[in-house]
Amino acid sequence: IGSFNYTLSGNAATLHNEVTEVNAPIVGGAIGSDRITRTEKGHPIGSFYLYEMEGIFQSTSDIFTHAFQGNNIQPGDVKFKDQNADGVIDGNDRRHIGSPIPKVTAGFNINLSYHSWDLSLFFQGAYGQKIFSVLNRDIEGFYRPFNVTQRYYDNHWTGPGTSDEFPRASWDASGNNTKYSSRFLEDGSYTRLKNLQIGYSIPKTVLERYGFDALRIYLSRTNLLTFTDYQGLDPEMTVSNNAQGQGDGSAGLDWGTYPAARSYNLGVNLTF
């Protein structure tokens with residue numbers, strides 16, 4: 001369009017991952033002596049195998065009419081779904097409730113130029129994957145002496161009707177409230193501006209005086225913006241050092257993995 005030029009390009013891919021045959025379920029996702037993923041027929045590799053949180057017990061009658069979870073359950077504790085309807089919450093109520101494998105990945109490029117100026121942007125994203133926040137289980141679980149998150153402090157249960165998401169603050173209730181459940185499972189979908197670069201090419205009429213063919217000065221920034229609902233440090237994390245050697249069975253476990261760094265680069269392209 002006159003002196004203004006633009007190029008838009010994108011790509012996307014979908015992925016359906018499903019185990020079609022395996023001799024026996026393969027457990028993974030080691031957290032201490034526990035395993036929170038399960039690979040078996042009909043489900044994705046490394047699928048999260050957890051209790052499903054139904055909410056927070058609001059009253060003693062709520063506890064009485066629900067499946068039995070233990071003798072010390074009190075209002076304000078996490079309520080789990082009785083998947084097999086046997087009236088007792090135990091290991092048989094764990095289910096496949098999410099995969100660390102994205103269902104869709106995508107990229108989008110924008111390249112603009114006007115006279116001597118140019119601008120490029122690269123967006124990248126992944127959608128449909130889950131992340132289990134081991135970090136939030138540690139700092140919101142009241143079984144280790146950590147400071148709690150601001151979201152827990154502001155929204156935890158303090159009486160009937162105050163919260164149906166975050167349980168009461170109690171050391172005694174940690175055995176129930178820190179069960180490996182959907183409470184700590186989050187949507188890991190994100191869109192990220194991976195790279196932005198702006199450049200300026202010195203006019204050839206200026207360069208000819210000095211014997212150069214082309215000179216371009218540019219400034220680039222990586223991991224500039226991330227759009228996500230994930231509460232952790234970086235939704236792009238895959239496997240942390242805590243799960244080295246465990247393979248795909250431990251993908252999507254976030255132990256507080258250090259996020260991708262934001263970087264700034266100033267450069268010169270010179271042709272002579």
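This passage describes the overall build of a predicted model and then the surroundings of selected residues.

Local features in the model were taken only at pLDDT of at least 70 and side-chain atom pairs only at pLDDT 80 or more, whereas totals for chains, interfaces and linings use all residues. Residues are numbered from 1 along each chain as its sequence is written, and side-chain values rest on heavy atoms, with hydrogens and water left out.

The protein chain contains 5 helices and 15 strands, where helices (H or I, at least four residues) and strands (E, at least two) are DSSP runs numbered from the N terminus. Its radius of gyration is 25 Å, while a compact globule of 272 residues would have one near 19 Å; the radius is taken over C-alpha atoms, and the globule rule is 2.2 Å times the number of residues to the power 0.38. Along the principal axes, the C-alpha atoms fill a box of roughly 85 × 45 × 35 Å.

Of the 272 residues, 39% count as buried (buried, under 20% relative accessible area; exposed, over 50%; partly exposed, in between; 1.4 Å probe, protein chains only). The chain exposes about 15,200 Å², of which carbon and sulfur atoms supply 52%; accessible areas come from the Shrake-Rupley method with a 1.4 Å probe, and for residues only the protein chains shown count as cover. Among contacts (heavy atoms within 4.5 Å) between residues at least 6 apart in sequence, 65% join residues at least 24 apart. The mean positions of the 22 positive and 28 negative charges are 5 Å apart. Lys and Arg count as positive and Asp and Glu as negative, with His and the chain ends not counted; each charge is placed at NZ of Lys, CZ of Arg, CG of Asp or CD of Glu.

Two of the residues examined, E40 and H43, lie in the loop between β3 (34–39) and β4 (47–50). E40 counts as buried because its relative accessibility is 18%. The side chain of E40 makes a polar contact of 2.6 Å with that of H96; such a contact is a pair of N or O atoms within 3.5 Å, and within protein one must be able to donate a hydrogen and the other to accept it, with residues adjacent in sequence counted only if both atoms are side-chain atoms. Beyond neighbours within four places in sequence, E40 is in contact with V19, V22, P25, Y49 and H96. H43 is partly exposed, since its relative accessible area is 26%. With neighbours within four places again set aside, H43 touches N17, E18, V19 and H96.

Q124 belongs to strand β9 (residues 117–127) and is buried because its relative accessible area is 19%. The side chains of Q124 and Y190 are joined by a polar contact of 2.9 Å. Outside four places in sequence, the contacts of Q124 are A106, G107, Y190, T191, R192, K194 and E236.
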